Amino acid sequence: MSKTPQAIRGTQDIFGPDAEAFAFVVETFERVRKLYRFRRVEMPVFEKTEVFSRAIGETTDVVSKEMYSFEDRGGDSLTLRPEFTAGIARAYLSNGWQQHAPLKVATHGPLFRYERPQKGRYRQFHQIDAEIIGAVEPQADVELLAMADQLLKELGIANERGGVTLHLNTLGDGDSREAWRAALVEHFRAVKHELSEDSQERLEKNPLRILDSKDRRDQRFVADAPKIDQFLSDDARAFFDAVTSGLDAAGVKWTRAESLVRGLDYYRHTAFEFIPDEGSEAAGKLGSQSTILGGGRYDGLMESLGGAPTPAVGWAAGIERLAMLVGDRIEPNADVIVVVENDDLIDHAIAAIAKIRAGGHSAELMATGSPRKRFDKAVKAGADKIVAFDMRDGTEHVRFKADDKATASLEKLLG
RNA sequence: GCGAUCGUAGCUCAGUUGGUUAGAGCGCCGGUUUGUGGUACCGGAGGUCGGGGGUUCGAGACCCCUCGAUCGCCCCA
């Protein structure tokens, strides 16, 4: 044990039904993203550290204590991407993708965050991601959310009766958000010493987060805390109303979550999370990592990277979490298994399986172990069709286990 | 980063208050049986009991450290 290397903490080797579930999530995402005409993009896995620190915010937990940062041989500080949005924004600016605005893009791949591993939480994890860049209209938010909603339905995680619900909030525009934030600080500062230790710290760094604290001591003061609605400008309110009426028109069910905030600094206006319903099977499977898809509008992000003000909205979802919810997917059986019951006929079998595969059928060769047990192994493996090569009375004997029609077509294929 | 539980063959687990050569089922390999079939029986390989140190005449069982997993907190997807 001490001699063989172990996998890095928080990384995983995915195999079998888990790998099938993972692939199912990605394939479904690819299909749905095309339905909504999102274009595929690929991003580097690492960027200059400043891409993330400037975009996400120095004080956020992600930047301040969860990034895999290192100096390369040229002395530059680089970071393994902890999320997609910052890198996509950087690509948008450095490649002049403004010419394609409004631009709908989608991607998926590994992300890295130095966190304590837990169920549904890994140090290398994978997300699917969708963004609409350069669209000020609330219709962009609606389209993006409609895609998320359809994806979850096609994965079988959500259905018409529920299972997963869209929790929706608005953080208002920059000014609304700042005014709300100031009011919250004032509200909570008055009772600072009655708050949890965590929240006393959050008061200075990230007061919005106090709102979704799970600590009872905090929740007493959350109920009568100032609401964002009191600080919303007319424009911000009109924007949110347009989003909600658009969602209703699109048939996307949602619920208002006044205390939903997001952890990253760049969010404005729409913020949302898809969360399994309380007590549902999905909620049980996920444990405390309950958000399966989250995102929002980030109209301020491009400026933080030195670009022109550019409205944008996007979401990401954890593939591992989605895979847990779709359940084990069985690996498909081979269409045909070719059994070699006499080793003298191995080349005949190889010739046959080559023809079968060239004909577009998946096929497995069963030619190891005790010859007498190979047929049983093929039956056990669960193939629809079996072709067995054996010697009978000194001559080659080919047997088919399949219905008449399949046998006929196999015989034709093998000539 | 904090707290709790756990870690025995490829997999699922058993191993009594610490006491002789560490077990079972499944899987794998081989043999016999059956012979249009997922049968039955027999045999075999495979473990320095996550790793390191300690207590003891003696440790898989107790103590310490370490690594990892799981469950909360935190954070987030």
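Which residue is the bridge partner of E131 in β11? In this predicted model, in which local features need pLDDT of at least 70, side-chain atom pairs count only at pLDDT 80 or more, and totals for chains, interfaces and linings use all residues, the bridge partner of E131 in β11 is G314. Residues are numbered from 1 along each chain as its sequence is written, chains are lettered from A and ligands numbered from 1 in the order in which they are written, and side-chain values use heavy atoms, with hydrogens and water left out.

The strands, which like the helices are DSSP runs numbered from the N terminus (helices H or I with at least four residues, strands E with at least two), include 8 that form an open sheet of mixed pairing in the order β1-β5-β6-β11-β10-β9-β7-β8. Two strands are taken to pair if DSSP finds at least two bridges between them, and the edge strands, each of which pairs on one side only, are β1 (39-40) and β8 (254-256). Strands β5 and β6 run antiparallel and are joined by 10 bridges, with G109 standing opposite Q127 in β6. On its way to β11, the order of the sheet passes through β6, and 7 bridges join β6 to β11, again in an antiparallel arrangement. Of the 10 residues of β6, 9 are buried, where buried means under 20% relative accessible area, exposed over 50% and partly exposed in between (1.4 Å probe, protein chains only).

Helix α5 (residues 138-154) lies across β5, β6, β7 (164-170), β9 (268-276), β10 (293-297) and β11, and runs at about 15 degrees to β11. K104 is found in strand β5, and its side chain makes a polar contact with the side chain of E143 at 2.9 Å. A polar contact is a pair of N or O atoms within 3.5 Å; within protein, one must be able to donate a hydrogen and the other to accept it, and residues adjacent in sequence count only if both atoms are side-chain atoms.

Leaving aside residues up to four places away in sequence, F188 touches L195, L203, I210, L211, F221, V222 and A225.

RNA strand B is surrounded by 44 residues, the closest being K119, R202, R209, R372 and R399, and a residue is near a strand if one of its heavy atoms lies within 4 Å of it. Sugar and phosphate account for 50% of the atoms of RNA strand B that come within 4 Å of the protein. A polar side-chain atom of R209 lies 2.4 Å from a phosphate oxygen of RNA strand B, whereas for K119 a polar backbone atom is 2.6 Å from a phosphate oxygen. With 7 residues, α14 gives the most to the surface near RNA strand B.

Key: Contact = heavy atoms within 4.5 Å. Axes fitted to C-alpha atoms, helices over the stretch in contact; angles between N-to-C directions.
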